Amino acid sequence: MSTDPRSRAWLEIDGDALARNVATVRASLGPGTGLVPMVKADAYGLGVSRVVERLQTMDPWGFGVATVAEGRELRERGVQGPVVVFSPAGLAEIPEAVAADLTLTLSHLRALEAVAEAAVDLPGSPDGPGVHLEVDTGMGRAGFDWREVERWGPAAQALHDGGVPWRGIYTHLHSADEAGGDAATGQQVERFRRVLEELRAQPATRTPGFLRHLANSAASLSPVGGEWDLARPGVFLYGGEAGPHAPPPDPVVSLRARVVHRKEVRPGDTVGYGATHTAGAEGVWATVACGYADGWPRALGNRSEVLVHGVRVPVVGRISMDVTVVDISTAPSVSLGEVVTFLGCDGNEAITLDEVSTLAGTISYEILTGFTSRLPRVWV
Ligand SMILES: *Cc1c(COP(=O)(O)O)cnc(C)c1O
């Protein structure tokens, strides 16, 4: 827990825990499935550069991002293998994606045309990255409709014959991480299988190495994950729980901040904007240097806890932009400059990502991606 005493607040990232979570996913998938760690949104807020560096030592098949800009950033950082862009690219972004050797995922016929046009202007090699097609089996936000294979299958084959390799097909599951989601997942898998069956009419899909994939973290750790060519885990690698079939992840991210002010309080003293908390007795409050501008949810005011000296103490009052006040009356020896844990372990106590996100009424993904650039990412 030691760090630069001048740091007010910081994220600690445990690279070995990240590696253990990767190993857990790998063990569940088996050796036949290639790993495409999702590193979109700055690797879920952890910092894509160090995350990719660490993951590259673990021999992934490639990396998954959301946007063309994220893919280009990986190329600029020297990543050479497949980089797949999973959100639908805007038509205007397609030429630069092709130029950067990114693997685009396509969801509609207009995108197929745009890729074909970009490839005429900028012919790639026949062993270039090509494209994957997304199939909408129920997510509803992107992908070709699973019932309309005869409409888009031949178009994708034509693109392939025209020189843009059609290298894969996938779908995205909407409920693999939900308790009671197995029936919905089963239906999506069945629809996807039907698509694959119908696509056998298109020769590109019968070429050796054509890739079929559907698993996010939750599915990678469940029985449906292992029978596909690739898997695309994200949140579990970074310490987020991944649904009813998954083991708990190893925690990867801790948030710590220092005490910057202490106050002996008297009954009736109030704290924070709106004076929403009033001291009922004599005690001690500590002001800690982390607030909602660091990405700590304001929704946690008056209802969450932090750790000091290995014990839980309550947050009092609203969380401010830059600081949070906690009641240290049960740990009154806590002094200026000491470290408070908002997320992670201190002694035998731990505050988990999922505990915090549930209390804040959100999901671990939003907490992780909400940490702002004011927090240095410190690898331990
Ligand atoms: C973000 C994303 C994933 C990873 O999902 P997790 O729930 O974080 O494992 C997988 N596939 C696609 C298409 C995604 O956009």
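This report walks through the domains, nonpolar cores, ligand surroundings and salt bridges of the structure above.

What you're looking at is a predicted model, where local features need pLDDT of at least 70, side-chain atom pairs count only at pLDDT 80 or more, and totals for chains, interfaces and linings use all residues. Residues are numbered from 1 along each chain as its sequence is written, and side-chain values use heavy atoms, with hydrogens and water left out.

Let's start with the overall layout. The chain is assigned domain 1 (15-238) and domain 2 (253-351), with bounds that come from an automatic or database domain assignment. Taken over C-alpha atoms, the centres of these domains are 42 Å apart.

Now for the inside. A nonpolar core here is a set of buried Ala, Val, Leu, Ile, Met, Phe, Trp, Tyr and Cys residues joined through side-chain atoms within 4.5 Å; buried means under 20% relative accessible area, exposed over 50%, and partly exposed in between (1.4 Å probe, protein chains only). The largest nonpolar core has 113 residues, and V39 and Y238 touch the most other members. Because domain 1 and domain 2 both give residues to this core, it lies between them. Apart from it there's another core of six residues, including V265 and V325.

Next up is the ligand. It is surrounded by 13 residues, and the closest are K40, Y44, S217, V235 and Y365; a residue counts as near if one of its heavy atoms lies within 4 Å. The table gives some polar contacts, meaning pairs of N or O atoms within 3.5 Å.

| Residue and atom | Distance to a ligand oxygen atom |
|---|---|
| K40, side-chain N or O | 2.7 Å |
| V235, polar backbone atom | 2.8 Å |
| Y365, polar side-chain atom | 2.7 Å |

On its own the ligand has 390 Å² of accessible area (Shrake-Rupley method, 1.4 Å probe), and the protein covers 91% of that.

Finally, the charged pairs. With a salt bridge taken as a side-chain nitrogen of Lys or Arg within 4 Å of a carboxyl oxygen of Asp or Glu, the count is 19. One of them joins R77 and E73, at 2.9 Å from N to O. R77 is partly exposed at 48% relative accessible area, and E73 is partly exposed at 30%. R212 pairs with D229 in a salt bridge, the closest N and O atoms being 3.8 Å apart.

Key
Polar contact = N/O pair within 3.5 Å; in protein donor to acceptor, adjacent residues only side chain to side chain.
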